[in-house]
Amino acid sequence: MHYWTNELWRLAYLVIGFGLLGALLGVGGWGVALGLAVHMAFTLAHLKKLYAWLNAPVHQKPPAGDGVWGDLFDRLYRYQKSQTQLQGRLRRVLTRVEESSEAMRDGIVMLDPQGHLDWWNSAAEQMLGLDARHDRGHHVANYLRDPHFISYFTTGEYQEPVLFSSPAHDGRTIEARITLFGDNERLVLVRDVTRLQRLEQTRRDFVANVSHELRTPLTVLSGYLETFLDQASSQPDTVPRRLTRAFGQMQGQTHRMQNLVDDLLTLSRLETSERQTERQPIDMASMCQWIQEDGEALSQGRHHFLVEVEEPRAILGEEREIRSALSNLVINAVRYTPDGSTITIRYATHERGAMVEVIDDGDGISATHLSRLTERFYRVDKSRSTESGGTGLGLAIVKHVLLRHDARLDIESDIGQGAVFRCIFPASRLDAPAGTGNFPR
Ligand code: ADP
C-alpha cells in the first residue's frame with residue numbers, strides 16, 4: 001500500500017514543483033502540464049522495461065524499477081517462479097504416470113468424449129495393433145470392430161467387462177472394461193485372457209468328459225443293484241437281510257451319483273452352448289401348473305400348493321430350460337421346508353418385465369448365506385441337503401438358465417421368515433401383450 005502512497009506523492013511533487021516554477025515564470029498551467037509529462041515519461045519508461053522483460057526468455061531477473069514499479073516487477077517475478085515450479089512438479093507427475101502405465105502389462109486406452117483414440121500405452125498398442133503415428137484421433141470403432149465390443153461400447157453399460165477377438169493376433173481373446181471419467185471421457189482397460197479362457201475351457205471339458213464317462217458304469221451298477229433288490233424282495237429267504245440293507249444303501253448312493261452326474265452335465269451344457277437361447281413363447285400358466293405337479297410328486301401331500309397367475313403373458317425362451325430351473329426352485333421348497341408348509345408359485349408381469357416367484361413359509365435361510373447360495377456345492381446344511389437328495393448344484397443351474405434368458409435370481413429370506421426365490425425377466429423377454437400377439441391362449 002505504501003508504494004501507492006509514495007507514487008501519489010511522487011506525482012504530487014512533480015505537479016506542484018513544476019506548477020510553482022511555472023507560476024514564478026508566469027506560465028503556471030504549462031508548469032503543471034510539464035510535471036504530468038515528466039511523470040508520464042517515467043511511467044512509459046517502466047512500461048517499456050516491463051514489455052522487454054516479458055518478451056525475454058523465462059527465468060531472467062526482472063529489471064530494476066522505482067517505487068510501485070519495482071514492487072510490481074518483484075511480484076511478477078515471484079509469481080512466474082512459482083508457476084515454473086508447479087509446471088515442473090506436474091511434468092514430473094505426468095512422466096511418472098506415463099512410465100508406470102508403460103510398465104503395466106494391461107493395456108490402457110483413453111478415448112475423448114466422442115470416442116476418438118486419445119492416448120494408449122504400449123501394452124494396448126501391442127494387443128490391439130494400434131499405431132501411435134496414424135491412429136490418434138480416429139474413432140475407436142474403426143479399430144475394434146468386433147460386434148461384441150461395438151455393442152458394449154454403444155450401450156454405455158459398463159458394469160461387466162466384454163470379451164472379443166484381438167484385431168491384431170488371430171486366436172487371441174481380449175477382455176475390455178470401460179470406465180467413464182472426467183467430461184464423459186472413457187478409459188478402456190484391456191488384457192489378454194487367452195490363457196485363462198483356455199484353462200477354463202479345459203476345466204469345462206474335463207468336467208463334461210468325466211461326467212459323461214461315469215454315466216455308463218453308474219447305469220450298469222444301478223441296473224444290477226435293482227435286479228438284485230427286486231429278487232431280494234420277491235424271494236426274501238434266499239438273501240441275507242444284512243446284504244439286502246447294504247445293497248439298498250448302495251443303490252441310494254448310486255442314485256445320488258447319477259443325479260450329480262446329470263446335474264454336472266446339465267451345467268456344462270448350459271455353460272458351453274450359445275449365450276442366447278431360443279425365443280419360443282412359453283405358456284406361463286401351464287408352466288406354473290407343471291412345476292406345481294413336480295413339487296406335488298415329491299411332496300406326496302406333505303405340503304400345500306398355491307398357484308397365482310396374474311396375467312398369463314408368455315415369456316420368450318427355451319421351455320425345457322425354464323421348466324428345469326423353476327422345478328429346481330419348487331423341489332428345493334419341498335425339500336427344505338417342514339411338512340405342512342405352504343408353497344406359493346406366483347407369476348406376474350409389469351411394464352419392466354415379468355417375474356416368477358416361488359415362496360415358502362418354511363424355516364428360511366440366514367441372510368449371511370444368501371449371496372453364496374448360487375455357488376456350486378454351496379449348502380447351508382450339508383447333511384440335510386445330502387439326506388434330501390440334493391447335489392448342491394440346483395441353484396447354480398437356475399442361475400445359468402436365467403442368465404441365458406437375460407434374467408436374474410433374487411433371493412429374499414431370513415431365519416424363521418420363509419424364503420422367496422424370484423426370477424426376474426426383462427421386458428425384452430416378454431411376448432406381445434394379450435390380443436396383439438400370436439400366442440395361443
Ligand atoms: P441342493 O442340491 O443342496 O438343494 P441348491 O443349489 O439347490 O443345492 O441349494 C443350495 C442350498 O440352499 C441348499 O442346500 C439349501 O440349504 C438352501 N435352500 C435352497 N432352497 C431353500 C429353501 N426354499 N428354503 C431353505 N433353504 C433352501
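I found F149, F153 and F164 linked into a cluster by ring pairs. For pairing, I count rings of Phe, Tyr and Trp (its six-membered ring) with centres within 6.5 Å; planes under 30 degrees apart are stacked, over 60 edge-to-face, and the rest tilted.

This is a predicted model, where local features need pLDDT of at least 70, side-chain atom pairs count only at pLDDT 80 or more, and totals for chains, interfaces and linings use all residues. Numbering runs from 1 along each chain as its sequence is written, and side-chain values use heavy atoms, without hydrogens and water.

My search of the whole structure gave seven aromatic pairs. One of them is W53 with Y77, tilted at 55° between the planes and 6.3 Å centre to centre. W53 is in helix α2 (residues 28-55) and Y77 in helix α3 (residues 67-103), so this pair ties together parts 24 residues apart in sequence. Helices here are DSSP runs (H or I, at least four residues), numbered from the N terminus.

**One residue followed up**

Where is V334? I placed V334 in helix α9 (residues 319-335). V334 is buried, at 2% relative accessible area. Skipping neighbours within four places in sequence, I listed its contacts (heavy atoms within 4.5 Å): G295, L298, S299, R302, H303, F305 and I343. I also checked V334 against T43, 291 residues apart along the chain: their C-alpha atoms are separated by 98 Å.

Definitions and conventions
Helix = DSSP H or I, 4+ residues; strand = E, 2+ residues; numbered from the N terminus. Buried < 20%, exposed > 50% of the residue type's maximum accessible area, 1.4 Å probe, protein only.
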